Amino acid sequence: MAAAESTRLSLMQSEEPLKLSDLLDRGWKLYDEVDTTNDPIAATHIQVKIKRGITQLEEATRMVAQLDLFSRNEDLEEVATKDLKYLMLPALLGALTMKQVNLAKRLDEVQIARCYFLDFLKRCKEYNISKFDLPKTIANSADIPEEESANGPPKPPDLIAMATVRAAKIERYKQRKDTEAKLSEIKAAVDRGQADDEIVRDFYLLNVRKWIAVSLEEIESIDQEIEILTRMDVLKQSSAEPSHSKRPPMKPFILTKDAVQARVFGAGYPSLPTMSVDDWYEQHRKKNALPDQGIPRSAEDFDAEEREQEEKEKRVENDDEEALQKARDWDNWKDTHRRGYGNRKNMG
């Protein structure tokens, strides 16, 4: 085991650091493999390739910075042909960063990728490689909800601006297709090493122009994703905070026009009962205010009525003057008044 370990250490020590061109070529090749694979992007072996490619391209970027290959004071014609391909380092780094799958760090990853793409576009703008407008620098995405709430509701979309953006996208798409078609024609010659310096220079410049179109499209999608991820973080934080204040119970409300109407007609719904039917009956029985309709009469009530009628007949038979006078008055009153006279209560 010790011999194996010493052998591994000796091999590591004997390995020479990769050259700048090798780092770029390997990172570029890993991107092409990841971009054209049919395997899921979240597969472990794909993510390993992505991280390996990012590491190699980052090392190449540090070497380019140390060598100071590019300067703002020089023109594109002053850049050597063999150095043109290093202009694509930030774009390749941004593309590989976007392919990482980590939901917990997704917001940080897309922001880093945007910085890579924007750095690439700025360098291309300085060398005037292609005509395009730099994307606007977005403010802190965490302040988006507060700005919207302070400024009120969102403004309606500008149709003219939308049409201009759409036309620019169509134009970029056409240019990208033309660039890819030209690249496919000369790529084989460059890979075989049979192309002269002018063809190689055109090959790298065409790749740079292709990545300009890709970077502009990626930044647009990144801005939309940043806004969505920021809103999701705000919602998670608000839902995680405990709510100490309890909502007071809702008070009942009256569906009437005003308070006077409520006092007169009630609350607009049947009132709750204040006593049972038995209690009501007992209360009216004590006051001798029970109605006769619908209430069956007992045998004692019938006997009392019969006894009262018999006493009246006996008084009349015994020539009781008071009883006779009442009977005569009642007969005379019935002769002069029709049945139901004076009964105003039950009039139809």
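Arg 72, Arg 123 and Glu 126 are joined in a network of salt bridges. A salt bridge here is a side-chain nitrogen of Lys or Arg within 4 Å of a carboxyl oxygen of Asp or Glu. The structure holds 12 of them.

This is a predicted model, in which local features need pLDDT of at least 70 and side-chain atom pairs count only at pLDDT 80 or more, while totals for chains, interfaces and linings use all residues. Residues are numbered from 1 along each chain as its sequence is written, and side-chain values use heavy atoms, with hydrogens and water left out.

- Glu 126 pairs with Arg 72, their closest N and O atoms being 3.3 Å apart.
- Glu 126 lies in helix 5 (residues 106–127) and Arg 72 in the loop between helix 3 and helix 4 (89–98), so this bridge ties together parts 54 residues apart in sequence.
- Helices (H or I, at least four residues) are DSSP runs, numbered from the N terminus.
- Glu 126 also meets Arg 123 in a salt bridge (3.6 Å, N to O).
- Both lie in helix 5, 3 residues apart, about one turn of the helix.

**The Lys 49–Glu 33 bridge**
- Lys 49 and Glu 33 form a salt bridge (3.3 Å, N to O).
- Lys 49 sits in helix 3 (residues 44–67) and Glu 33 in helix 2 (residues 20–36), 16 residues apart.

**Exposure**
- Exposed means over 50% relative accessible area, buried under 20%, and partly exposed in between (1.4 Å probe, protein chains only).
- Arg 72 is exposed at 71%.
- Glu 126 is partly exposed at 37%, and Arg 123 is partly exposed at 28%.
- Glu 33 is partly exposed at 31%, and Lys 49 is partly exposed at 25%.

Key: Helix = DSSP H or I, 4+ residues; strand = E, 2+ residues; numbered from the N terminus.
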